[in-house]
Amino acid sequence: MDRNTDMKSSARGWLIQSFAEFVGTAMFLYLAIGGADAVELGVPPGDSYLGTSFGFGIALMVVAWSFFHISGSHFNPAISFSSFITGHIPLPKFILYFIAQFLGALVGVALVRGTTPSSETTAQVMTLAHGESITRGFFLEFFLTAMLCFVYHMTIHEKNRSTFMAAIPVGFTLFACHLLAARYTNGGFNPARAFATSAVTNSFTSYQWIFWFGPLCGSILAAALHILFRFLDYDKYTAGIDAENAAQYERAQAAVLEGENYRGSSGTTGNNTLPR
């Protein structure tokens, strides 16, 4: 197969995956924003945080499980940016994902407004509340997005026996992050979601930037942590930790030893002790 054919094949694959990101992001935010709005508008003020957090976490869990084997289920420019930094996706694919996620977010939020009564407002617009300052809001979005991206890296990019169930810990991580931030920032962690809710409702605040750059900066921290653990060869010390029996554990330990012997004899070094 020549180089031009390889490039066409890669481009076609990226377009298919980007389309999946578009559809998946729209589905995720349709369920998440719509569900959270239904909860928040149906209970007294201050009683909705648990329900809205479940709405976001469960929506991500079910949609991510559906699209994981197609695109990796990013649905979030912060996760895509972090994956680009760690080298898991190339620049052209990141750009396509970025565009698809913003367009999908707009469609998802627009569907919420188009399929619910016009007399009701979208309560999930990003805003600071309860005395939260711009600086504190920025760092809240920063650290929680870093945690979300790091969980994504360690459950999806670091392959193990539970990777096929990665949608569960990633969904519950979003639930936990939203539970903490809902009272203060409405829980963003996603520049596409922040932009879409503001664009559809035409309600941009002067500090909207913290909901874009906070998550993107947090994704850099998550990528740095993931790269650091790979550099430290963490898996050399945990080989076989998810083994189901003694034989599997011994094979994993032997693979580590074989990798060390290979690097020692060839004079090379590397971070991937175990096959990925």
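The largest cavity in this predicted model takes up about 110 Å³. A cavity here is a set of points on a 1 Å grid over the protein atoms alone where a 1.4 Å probe fits but cannot get out, and lining residues have an atom within 4 Å of a point; points are joined across faces, edges and corners, with volume being the space filled by probe spheres set on them. Of its 15 lining residues, Phe28, Asn76, Leu148, Leu174 and Asn190 sit closest to the centre. The elements giving two or more residues to that lining are H2 and H6 (helices are DSSP runs of H or I, at least four residues, numbered from the N terminus). By class, the lining splits into 9 nonpolar, 5 polar and 1 charged.

As for housekeeping, the model is predicted, so local features need pLDDT of at least 70 and side-chain atom pairs pLDDT 80 or more, while totals for chains, interfaces and linings use all residues. Numbering runs from 1 along each chain as its sequence is written, and side-chain values use heavy atoms, leaving out hydrogens and water.

The second largest cavity holds about 60 Å³. H2 supplies the largest share of its lining, 3 residues, and the lining has 8 nonpolar, 2 polar and no charged residues.

Then there is the packing.

Key
1 Å grid on protein atoms, 1.4 Å probe; cavity = no way out; pocket = protein on both sides within 12 Å on 5 of 7 lines; lining within 4 Å. Nonpolar A, V, L, I, M, F, W, Y, C, P; charged D, E, K, R; others polar.
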